[in-house]
Amino acid sequence: MGRCWFDAVFIVVISFWLLVSDDVDGYPAEDLVLNLPGQPKVGFRQHAGYVDVDVRNVRSLFYYFLEAEKDPDQKPLALWLNGDPSCSSIGGGAFTKLGPFFPRGDGRDLRRNLMSWNRAFNLLFVESLAGVGWSYSNTSSDYTIGDAKTAKDMHMFFLKLYDKFPEFKSRELFLTGESYAEHCIPQLAEVPLDHNAQSTDFKFNIKGVAIGNPLLRLNRDVLAKFKIFWSDGMISDEIRLKIMNECDFYDYTFASPHNVTDTCNNAISQSNSIIGHYINKYDMILDVCYPSIVNQELRLRKMATKMSVGVDVCMTYERRFYFNLLEVQKALYANRTKLLSPWFMCSNVLHYSDTNGNINILPILKKDHSKSYSSLGFQSRYAQADPDIHVNKKKKFYCTPAGLPNTRQRTCSRCRLQDHNLTRNLVSQRPVRATAYMVPYAQPSRALHLFSSFVRGRRLLNTTHIPMDD
């Protein structure tokens, strides 16, 4: 009896020591993801859970944090936010484009993404709005939101996340994402810069902002989409001329009816109806996945994978099926409010400000750039891609950080953002060939190399064999 009592005490003491040792190591034990269902074996740690950004309103943001595969204690931290303010960064970023796992065709298992961005740095995904993915609020007014409130919540999120992971407080921080997230990220970058200017204690070690496929200036970006449709033969000369002649995009607004004439809106509707649902607007040469077919195959435990030009075009449906498995939500510590509604990529409960989309982001980029030099004493680096348009496979342009040498040691004049207030010294161009709207999805190796070079401040090498582990 005495021996059993001793063993029990010994086991309790050891268990307590293991839990404490996790906290001492700077990693909260309660957020450590032990294993995802169907996950291949990996050597890095994953963390997931909630950060309460407003205790009074019970508003919490869900996050998924991946440590770097090698030497995570020496690698910077990169935040990824997804496009469309109502859509999931974990779904659209982590499990579709640049995370370590993609869903298999059965919707119940995962496969490795060998070009995951956590090969090069620590990687953070956040459902940056309550009401998106598994983020939530108990206050209904929190679902009416805009860019300013988003930035404020993310500021609080980082302060509390650093309480969970104190080792990362001094770590270099990079902000990145795509599409409408790139409309928010330059504004988000202002918040830690302002914090640093006012704080006498903790300061964010923000080093750079990379914006891919950004919505920067609405009146330029919208017009470019229809030019692409016409140049690829998707709309006729007549419709293109009607749009060009009838639409004055100079005062175009984000909200319908977009401050244009009825004739213009009719021409745009005609163009959109021709494109329809049978063309992948994010990559025009890919096949489309038919929801009724793939959902039936997933329910019957069949493989729903549909490969097109090396890409599984049904991945988004496989991902949704996977995220709605109870064992997956339990492993991720997600859905702690036990919502009965299924997980969807984009939220239908948010009311995002229509006027925010009208903001011209270019002056904010310039303002952040000048602030970073004066207040932090580091060289702010910006990476920029094409305007927010759905482009084809012919070419895709990203930009490297200002000051980072191009492969050919020259700056392409086409990189200028068609705005005289933004100088060429702020952004320089880097092309990523044979890709489309979602570069990490279509060209994972090139996307990883591009962003890794950006973070490390390295010259982009003219080679197809890139060592990522050095």
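Select R59 to begin: with a relative accessibility of 6%, R59 counts as buried (buried is under 20% relative accessible area, exposed over 50%, partly exposed in between, with a 1.4 Å probe and protein chains only). The model is predicted, so local features need pLDDT of at least 70 and side-chain atom pairs count only at pLDDT 80 or more, whereas totals for chains, interfaces and linings use all residues. Residues are numbered from 1 along each chain as its sequence is written, and side-chain values use heavy atoms, with hydrogens and water left out.

The side chains of R59 and D142 form a salt bridge at 2.9 Å, N to O (a side-chain nitrogen of Lys or Arg within 4 Å of a carboxyl oxygen of Asp or Glu). R59 belongs to strand 3 (residues 59-66), while D142 sits in the loop between strand 8 (136-137) and strand 9 (144-145), 83 residues apart. Helices (H or I, at least four residues) and strands (E, at least two) are DSSP runs numbered from the N terminus. D142 is buried as well, at a relative accessible area of 3%.

Move to K164 and D31, whose side chains meet in a salt bridge of 2.8 Å, N to O. K164 is in helix 3 (residues 147-164) and D31 in the loop between helix 1 (2-24) and strand 1 (32-33), 133 residues apart. D31 is buried, at 5% relative accessibility.

Now select R112 and E69, a salt bridge at 3.1 Å, N to O. Because R112 lies in strand 6 (residues 110-112) and E69 in the loop between strand 3 and strand 4 (77-81), the pair ties together parts 43 residues apart in sequence. R112 is partly exposed at 27% relative accessibility, and E69 is partly exposed at 26%.

Finally, display helix 8 (residues 291-299) and helix 9 (residues 315-323), whose axes come within 10 Å and cross at roughly 40 degrees. Axes are lines fitted to C-alpha atoms, for helices over the stretch in contact, and angles run from 0 to 180 degrees between N-to-C directions. Helix 8 is therefore oblique to helix 9 (under 35 degrees is roughly parallel, over 145 roughly antiparallel, 65 to 115 roughly perpendicular, the rest oblique). Highlight P291, V294, N295, L298 and R299 of helix 8 with Y317, E318, R320 and F321 of helix 9, which make the contact (heavy atoms within 4.5 Å).
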